[in-house]
Amino acid sequence: MSSFRKALKSKQRDHKERSQLGFRKHLGLLEKKKDYKLRADEYHRKEKTLMALQKKAMDKNPDEFHFKMIHNHLKDGVHMIKTKEDVMTEEQKKVMRTQDIRYVEMKRVSEMKKIERMKSELHFLDVNEEKKNKHVFYVESKKEVEDFDLATHLNTVPELVGRVYNRPTIETLEKKSIVGELEPLRIKKLAKKRELEYRRLSQRIDREKDMFVISQKIQTRKDLQDKVKKVKVREETKSAPAVYRFEAKRKR
């Protein structure tokens with residue numbers, strides 16, 4: 001069977017499209033079927049697009065309105081967008097700047113009140129495990145250094161030596177009971193909660209500083225609207241507004 005297929009294949013001749021005749025070479029290359037196929041597919045694609053656009057135009061509502069119909073126009077065949085005329089005067093803009101400053105200042109004062117309230121509640125207690133400050137004790141001789149007992153020197157019990165705050169003396173422990181948590185697990189949870197509150201306090205302080213900078217920048221833009229000669233001294237940054245030197249003008 002395989003030998004028969006080989007014999008049949010050897011008898012078949014590959015079909016080759018003819019090239020352009022010699023006396024017609026001045027007309028260019030002779031179009032092949034693959035070239036015609038590409039040209040026909042492109043023609044039908046454009047035909048379908050035009051039919052779809054015609055159907056869309058026929059189904060369109062004649063009463064349909066879009067704002068771009070009046071805001072845009074054609075100029076030399078190019079689609080142009082009409083620029084909006086400035087409908088606000090300089091005085092109106094200045095009033096709006098003043099209102100913006102008042103709003104920002106109101107929010108900044110609100111943040112400052114919240115910051116003061118959080119500070120009064122937290123009392124700036126140290127919550128970090130690593131102590132930032134060091135307490136140095138001075139003694140007279142080396143023997144006193146060897147015999148030095150921190151709990152005895154602070155007049156407290158050894159269990160409370162590691163506390164930075166709320167470290168009562170022995171006399172206080174004999175007369176009164178310790179107010180607060182004594183369990184290590186509970187103390188650790190309270191320390192985490194206190195650390196979270198300090199983080200929130202830091203974020204509020206940063207927000208209040210940002211609002212102050214925004215207020216200064218708005219005030220600077222408001223001052224620039226006055227028709228007075230000015231020279232820029234320093235560029236605007238994220239943490240500070242631009243600085244201008246205005247010409248001294250006597251007010252009547």
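How many helices and strands does the protein chain have? The protein chain has eight helices and four strands. Helices are DSSP runs of H or I with at least four residues, strands are runs of E with at least two, and both are numbered from the N terminus. Along the sequence the order is α-α-α-β-β-α-α-α-α-α-β-β.

This is a predicted model, in which local features need pLDDT of at least 70, side-chain atom pairs count only at pLDDT 80 or more, and totals for chains, interfaces and linings use all residues. Residues are numbered from 1 along each chain as its sequence is written, and side-chain values use heavy atoms, with hydrogens and water left out.

**The chain as a whole**

The protein chain has 252 residues, and 13% of them count as buried. Buried means under 20% relative accessible area, exposed means over 50%, and partly exposed lies in between (1.4 Å probe, protein chains only). The protein chain exposes about 23700 Å², with 55% supplied by carbon and sulfur atoms. Accessible areas come from the Shrake-Rupley method with a 1.4 Å probe; for residues, only the protein chains shown count as cover.

**Salt bridges**

The structure holds 13 salt bridges. A salt bridge is a side-chain nitrogen of Lys or Arg within 4 Å of a carboxyl oxygen of Asp or Glu.

| Pair | N to O distance |
|---|---|
| E31 and R39 | 3.0 Å |
| R204 and E111 | 3.1 Å |
| E236 and K217 | 3.6 Å |

R204 and E111 form a salt bridge. This pair links distant parts of the chain: R204 is in helix α8 (residues 184-224), E111 is in helix α4 (residues 90-122), and they are 93 residues apart. E111 is buried because its relative accessibility is 8%. R204 is partly exposed at 23%.

E236 and K217 also form a salt bridge. E236 lies in the loop between β3 (230-234) and β4 (243-246), and K217 in helix α8, so the pair ties together parts 19 residues apart in sequence. K217 is buried at 15%, while E236 is partly exposed at 39%.

In the E31 and R39 pair, E31 is partly exposed at 41%, and R39 is partly exposed at 48%. Salt bridges also link E42, R45 and K46 in a network.

**A charged patch**

Which residues gather in a patch of negative charge on the surface? They are E140, E144, E146 and D147. Patch residues have over 30% relative accessible area and no salt bridge, and like charges are joined within 9 Å. Asp and Glu count as negative. The place of a charge is taken as CG of Asp or CD of Glu. D147 sits in the loop between α5 (142-146) and α6 (150-154). D147 counts as exposed because its relative accessibility is 54%.

Notes. Patches are made of residues with over 30% relative accessible area and no salt bridge: like charges are joined within 9 Å, nonpolar side chains (Val, Leu, Ile, Met, Phe, Trp, Tyr) within 5 Å.
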